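Take a moment with the sequence and the fold. Then read on for a short tour.

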Amino acid sequence: MVDAEGKHQRWNAPLESVTGYTKHELAHRTPADLVVPADATRVREAVHESLAEDTGFTLEVELTTQQGDATPYVFTAAPLTVDGTPYLAGMGLDITRQREREQALRQARQQANEARSEAERMSALKTSFLSNMSHEIRTPLTTMIGYARILAEDEAPPRRFADHIVQGGQRLLRTLDNILTFSQLDTGVYTLTPTLTNV
C-alpha cells in the first residue's frame, strides 16, 4: 500500500524477501525504486495517474533486488480510501514461468516455420530433380529404340548405330543409378562423403 506521495505504507513479508530490503529500507522507497531503471518512469507515471484520477493499473515490469537481480513481475493496483486518506493498494505476481513458456512457444513456432520452409524447399528440389530425370531417361531411351529399329530393318547397318545404343544404355544406367542414390539420400540410407572437386 502506498500513499499519495508514492511512499510504501504497508507491505507483506514476501516483498522484503523478494527484494532483499529491510522494513526500514522499504519505508523510504517508492514502487519505482523497486524496478529496473527502464521501467521506473512507467511505474512512477502509473502510480501518479492512479492516485490523481482514482483509477487502477496493471503493468509488467522487471522487479529488481537489492543485489541488482531482475525478475519479471506483473503488478496490479487500485485506489483505496482509508479514513478519507487516498492510498493505492497493489499486489505483484512473479511471471518468470509464464515468460519461459512464452519463450519456449516462440522457439517452437520458429523451429516449426524453419522446418516447414526446409520441407517446401526439399519438395521443390525433388520435383525439379524428378522432372530432370524424366528427361534424362526419355532421351537415351528414344535414341536406343530408334537405332534398334534401324538395326532390325537394315541388313548392313553402320557400326556407329550399335555404338549409339551402347552409349544410350550407359547414359540410362547412370541416370537410374542417380535416381537410386537420390532415393537413398531421401530415406537417410545413403551417407554423403564431401570431397574436393575441380568445378
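Predicted model: local features only at pLDDT ≥ 70, side-chain atom pairs only at ≥ 80, totals over all residues.

Residues are numbered from 1 along each chain as its sequence is written, and side-chain values use heavy atoms, without hydrogens and water.

Start with the largest pocket. It holds about 600 Å³ of space. A pocket here is an open set of points on a 1 Å grid over the protein atoms alone, where a 1.4 Å probe fits, with protein on both sides within 12 Å along at least five of seven lines. Its volume is the space filled by probe spheres set on the points. Lining residues have an atom within 4 Å of a point.

The lining counts 27 residues. Leu15, Phe75, Gly90, Met91 and Gly92 lie nearest the centre. By class, 21 are nonpolar, five polar and one charged. Gly counts as polar in this scheme. Strand 3 (85–94) is among the elements that supply at least two residues each. Strand 3 also gives the most, with five. Helices (H or I, at least four residues) and strands (E, at least two) are DSSP runs, numbered from the N terminus.

Now turn to the loops. Asp54 sits between helix 3 and strand 1. Its phi is positive, about 60 degrees, although Asp54 is not a glycine.

Asp83 lies in the loop between strand 2 and strand 3. Its phi is also positive, near 55 degrees. Asp83 is exposed too, at 82% relative accessibility.

Key: Buried < 20%, exposed > 50% of the residue type's maximum accessible area, 1.4 Å probe, protein only.
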